[in-house]
Amino acid sequence: MTVRVAVIGSGGIARDHVSALARIPSVEVAYVFGSDLDRAASVAALAPGAQASADLAKILADPTVHAVNVVGATPDHAPVTIAAGRAGKHVHVEKPAALTVADFDAMVEATEGGGTSLMVGQTVRFQPSITSIGNSVARGAIGDPRLIHLSWYTGHVWPGGWRGWQHDKERSGGHPVHNGTHALDLVTWLIGRRPIRVFARSFPPSQRGCPCTTASI
């Protein structure tokens, strides 16, 4: 069976997703959605047969689309995922999945509550070095982890650096949400336990420093 996927978003991350999906033999990129049709077309060109569209309703109404890959702006994750779930589509959504717990609960209800699946793109645990650590923990090679300390400095990879939109709480949830979601997912995965309480502290950016996040579970 060939799985037809619609990619919702036309930015840099969308390019990465479309390029990766195009290399999977059992997957076909059906659509690339974007408010800027020319930009969506340039991303769609990365996958043979993919169509560019600025009509989300049309995409979700297409019965040949099995799944939707939501990789647009974070504030759009919840409404697009909910609409896709209600349309009977499986959904993969980039992290952070939502800006509020209430939004995420609604996303789960619209997808898994209706018989489709919802997956959040937590990619760090699949990185080779992290996979190696995870395998060591699973084998008991390093004992039973009780404390994990992570330092997360990644602002240099963003086009705007530490002044990028990733620190606008309205757009990204702020640094503890935008990047902290990776750290929290990694810690809970390696320890294998559900969080009971989460404490996070961020430091504001400065001319000579960077906003850093520390978290304990």
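This is a predicted model: local features need pLDDT of at least 70, side-chain atom pairs count only at pLDDT 80 or more; totals for chains, interfaces and linings use all residues.

Mentor: Residues are numbered from 1 along each chain as its sequence is written, and side-chain values use heavy atoms, with hydrogens and water left out.

The residues of α9 that are buried are Gly-180, Thr-181, His-182, Ala-183, Asp-185, Leu-186, Val-187 and Leu-190; buried means under 20% relative accessible area, exposed over 50%, and partly exposed in between, with a 1.4 Å probe and protein chains only. The end C-alpha atoms of α9 are 17 Å apart, which agrees with the 16 Å that its twelve residues should span at 1.5 Å a residue, the expected span being 1.5 Å times one less than the number of residues. Beyond α9 comes Gly-192, with a positive phi near 75°. Helices here are DSSP runs of H or I with at least four residues, strands are runs of E with at least two, and both are numbered from the N terminus.

The axes of helix α6 (residues 128-139) and helix α9 (residues 180-191) come within 9 Å and cross at roughly 30°, the axes being lines fitted to C-alpha atoms over the stretch in contact, with angles from 0 to 180 degrees between N-to-C directions. The two helices α6 and α9 are therefore roughly parallel to each other; angles under 35 degrees count as roughly parallel, over 145 as roughly antiparallel, 65 to 115 as roughly perpendicular, and the rest as oblique. From α6, Ile-130, Ile-133, Gly-134 and Val-137 meet Leu-186, Trp-189 and Leu-190 of α9. By class, the residues of this contact of α6 with α9 are six nonpolar, one polar and no charged, where Ala, Val, Leu, Ile, Met, Phe, Trp, Tyr, Cys and Pro count as nonpolar, Asp, Glu, Lys and Arg as charged, and the others, Gly among them, as polar.

The contact of α4 with α5 holds five nonpolar, four polar and two charged residues.

Helix α4 (residues 74-86), with 13 residues, reaches 19 Å from its first C-alpha to its last, close to the 18 Å expected. The buried residues of α4 are Thr-74, His-77, Ala-78, Val-80, Thr-81, Ile-82, Ala-84 and Gly-85. One of them, Gly-85, counts as buried at 8% relative accessibility, and apart from residues up to four places away in sequence, Gly-85 touches Val-91, Ala-110, Thr-111 and Thr-116. Gly-85 and Gly-115 are 30 residues apart along the chain, yet their C-alpha atoms are separated by 8.8 Å. Just after α4, Gly-88 has a positive phi of about 85°. In the loop between β5 (90-94) and α5 lies Pro-96, which is joined to Lys-95 by a cis peptide bond with omega about -15°.

Ile-59, placed in helix α3 (residues 56-61), counts as buried at 0% relative accessibility. Its contacts, leaving aside neighbours within four places in sequence, are Ala-6, Tyr-31, Phe-33, Ser-53 and Val-65; Ala-6 is 53 residues apart from Ile-59 in sequence and 7.3 Å apart in space, C-alpha to C-alpha.

As a setting for these parts, the protein chain comes to nine helices and eight strands, and 40% of its 217 residues count as buried. Among contacts in the chain with a separation of 6 or more, residues 24 or more positions apart account for 57%.

Methods: Contact means heavy atoms within 4.5 Å.
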